[in-house]
Amino acid sequence: MSDTDSEVISFFVREKMLEEQEPPLTERGAVKWLRENLFSSWLNGLLTIVSLYVIWYILSGIVPWLWSPTWSLGSLSECREVLTGLGETTHQACWGVIRDRWQQLLFGFYPSDAYWRPTLALVILLAGLAPVLFGSIPRWFLLFSAATPFVLFLLLWGGPIWTPLLVGVGLVLGVVAFRYLVGVNQIVAVLAAIIVPVLFWLFLVEPIAFELTYTAPIGLEFIPSKDFGGFMLSVVIGVAAIILSLPLGIMLALGRASDLFIVTKLSVIFIEIIRGVPLIVWLFTASLLLNYFLPPGTSFDLTLRVIIMVTLFSAAYIAEVVRGGLAAVPKGQYEGADSLGLSYWQSMQLIVLPQALKISIPGIVNTFIGLFKDTTLVVFIGLLDPLGLTSAIRASTDWNGIYWELYVFIGVLFFIACYGMGRYSLWLETKLQRENR
Amino acid sequence: MTKTLFLGALTVAGLSAAAASAATLDDVKERGNLNCGVSTGLTGFSAPNASGDWEGFDVAVCRAVAAAVLGDSSAVEFVPTTGETRFTALSSGEIDLLARNTTWTFSRDNDLKFEFVGVNYYDGQGFMVPRELGVSSALDLDGATVCIQTGTTTELNLADFFRVNNISYEPVPIQTNAEAQQQYLAGACDVYTTDASGLAATRASFETPGDHVLLPEIISKEPLGPLVRHGDNEWGDITRWTLNALIAAEELGVTSANIDDMASEAGNNPEINRLLGTEGNLGEMIGLEADWAKNAISANGNYGEIFEKNIGENTPIGLARGLNDRQSEVGRLSSEPTYLRHALSFHNNSVHHAGTCRRRDLVAYSQSAAKSCCTGSDAELLLSVQPCRIRYRHDPHSVHQC
């Protein structure tokens with residue numbers, strides 16, 4: 001046993017650290033990712049291969065169709081000639097129609113020397129919306145936002161500068177009257193804030209605008225809304241209806257949740273009637289029925305009628321979405337506001353609505369995206385929105401037979417707009433996140 | 001109370017409707033342009049080109065009427081209408097004339113209270129089949145699947161035709177012509193049926209038109225024509241005789257090429273002279289200028305020229321004249337025979353006060369209203385920004401009265 005003790009046991013002691021080594025090939029990089037995510041079991045591996053085949057199959061159909069050297073061609077028959085000449089199949093897109101008609105698809109019949117006006121209007125709209133949408137912009141920029149609607153009106157429709165300016169002055173007069181009288185009596189101040197601008201608009205705007213236009217004829221060439229068309233028409237109807245329907249919808253939701261009998265009933269009736277009838281019926285009402293009630297000769301702008309109808313329709317939906325938000329605010333919040341002695345408007349403005357609206361954001365944006373896409377329904381009352389223009393373009397002898405190219409182009413336009421709105425709503429939700437759930 | 005008010009408002013609206021419809025000519029002249037309803041897009045008949053100008057066979061009628069009334073074939077505001085909105089647009093006064101491939105039927109003429117002023121295209125329902133089916137007559141179509149646009153008269157005609165001939169078919173309902181093209185080419189149906197002009201236009205758009213044949217049977221009569229509201233006979237006469245002037249011009253050999261020569265002085269043919277206003281007073285009778293027909297014809301040429309340019313055999317649509325040829329040929333198209341021989345019933349058209357400028361017109365931001373309200377008066381239009389500034393020549397300070 002002793003010799004075991006005496007035996008020199010030569011333990012190996014490493015004298016310096018081993019260099020770090022790469023992990024084995026199967027445990028790193030793309031191979032590891034593939035193994036873990038795509039081929040983790042034989043079933044998943046099979047599914048991966050099947051999926052890859054499906055993707056390849058779809059792309060091999062779409063990509064050659066999309067990748068078609070037809071951008072510069074002037075008619076469908078030319079496209080066919082060129083593609084046959086190249087020895088390729090004629091099952092390829094004919095993009096010449098987009099090059100030929102993209103301006104029409106974007107602007108409709110708007111005069112081409114005035115295309116800068118809607119383009120600038122879009123830039124101003126985005127700039128004006130920025131302080132409302134993003135909190136980080138300085139507050140004085142809100143003044144610019146308040147002026148935006150009038151600038152947009154002037155840019156899109158034109159006419160003398162004085163009428164939109166005076167309408168804006170009317171609003172300012174209302175605010176001034178309110179400020180001046182609010183110390184005397186609140187109800188009188190509110191009434192004055194409504195009556196003063198209305199009287200101003202009814203009786204003073206027209207003569208003053210006339211005189212001013214005579215003395216200083218500043219303005220842009222007038223373009224009637226008959227010339228509006230294409231994607232621009234969708235944006236004009238969509239944006240106007242979105243901006244107008246949000247406040248209207250919130251008021252309706254508050255009205256429906258109110259304790260006052262008449263206010264509640266009126267809100268309920270309005271919401272249920274508007275929501276219970278399809279939008280297309282309201283559009284037909286706007287375009288056909290109203291014609292019989294209005295005295296002939298009054299050319300009450302069809303685009304304006306459509307904007308009003310779409311606004312009312314979307315307001316009814318917004319009202320229900322916001323009502324959901326109101327119901328989700330715990331009762332304690334209402335009672336807390338009451339116990340602080342806040343008035344109804346103060347408690348709504350400071351406590352309830354901020355919480356309710358935050359809850360409603362996904363629903364509201366969802367409604368807006370639906371509304372924006374629904375603007376294509378105006379094709380049925382003869383307005384040439386992008387879809388209406390496809391049939392008009394197809395009716396020209398050059399492009400008769402064109403089908404998918406136009407719809408792909410329009411689809412991309414709508415996707416960009418709607419996807420943008422969706423991303424914004426996600427961003428806003430994250431930003432307003434207050435809970436630690 | 002509210003009810004009374006409402007009824008009162010309706011009455012007023014009704015009265016003013018009657019008043020307005022009684023003077024379409026005055027309205028058009030005052031406005032300075034013609035509001036003309038057209039289709040939102042029908043190959044060869046009405047479609048906007050890349051620069052947004054409307055072109056086509058129906059559009060040409062609008063332009064001719066505008067040229068006859070206002071002397072300017074571009075003074076037309078085209079109002080695109082759908083099948084649903086067209087009649088309301090006309091009866092409500094939104095448009096002055098509807099030129100939208102509309103079939104002249106009893107109920108539209110009488111029940112809807114319209115007046116068809118003539119026929120500018122005789123159409124009829126036909127069939128298209130792939131050549132490889134080997135069908136040469138619609139009677140061979142027993143058991144065929146048929147693509148058919150729902151809610152149109154073609155649907156009823158189809159059912160009648162197959163029942164009368166005691167053969168069966170299976171309908172494939174579709175909504176629009178574009179959809180029909182796709183379905184037919186994809187083989188969803190053996191046969192596509194619609195108006196023959198539409199079939200020809202559709203076939204022309206195919207990659208290989210020769211692979212498809214139009215069957216000889218035409219199973220319905222579809223006389224298409226422009227129409228106006230009931231109750232304004234003067235306006236109806238103007239549109240009717242403008243259309244007739246185009247047709248008569250072809251009969252008389254007046255074309256856009258030779259019209260300037262013919263109209264410069266009276267020639268040998270008294271009918272041409274009366275038509276072009278170098279003799280007689282047809283223009284005065286109808287309440288227009290003496291050169292009304294000359295303007296209408298110069299706008300797009302005579303009927304034959306319009307046909308050839310938009311839908312004729314040299315266009316991709318390639319329609320033969322057929323029924324739409326002159327009566328002297330095989331067709332049935334003719335201007336009314338009484339056209340130039342007998343005097344029209346004389347009517348005293350109300351005088352149009354071109355010189356009265358109303359302030360309302362000026363602040364309505366309507367360039368054309370302002371322009372027309374100053375036409376004929378001793379005034380000039382000073383700038384293009386609306387409301388326009390107008391100065392009377394005799395008194396530079398009279399702007400406020402304008």
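Is B:Thr150 buried or exposed, and how many C-beta neighbours does B:Thr150 have inside 10 Å? The legends below start there.

This is a predicted model, in which local features need pLDDT of at least 70, side-chain atom pairs count only at pLDDT 80 or more, and totals for chains, interfaces and linings use all residues. Residues are numbered from 1 along each chain as its sequence is written, while chains are lettered from A and ligands numbered from 1 in the order in which they are written.

**View 1. B:Thr150 sits in the loop between β9 and α6 (153-164) of chain B.** B:Thr150 counts as exposed because it has 10 C-beta neighbours inside 10 Å (12 or fewer other C-beta atoms within 10 Å of a residue's own means exposed, 20 or more buried, anything in between partly exposed; C-beta atoms are placed from the backbone). Leaving aside neighbours within four places in sequence, B:Thr150 touches B:Glu155, B:Pro173 and B:Gln175 (a contact means C-beta atoms, placed from the backbone, within 7 Å).

**View 2. B:Asp142 belongs to the loop between β8 (125-130) and β9 (144-149) of chain B.** B:Asp142 has 11 C-beta neighbours inside 10 Å, so it counts as exposed. Its contacts, again skipping neighbours within four places in sequence, are B:Ile167 and B:Ser168. From B:Asp142 to B:Asp211 is 69 residues in sequence and 21 Å in space, C-alpha to C-alpha.

**View 3. Chain B has 16 helices and 16 strands.** These are DSSP runs (helices H or I, at least four residues; strands E, at least two), numbered from the N terminus. Of the chain's 402 residues, 47% count as buried.

Technical notes: Two residues are in contact if their C-beta atoms, placed from the backbone, lie within 7 Å.
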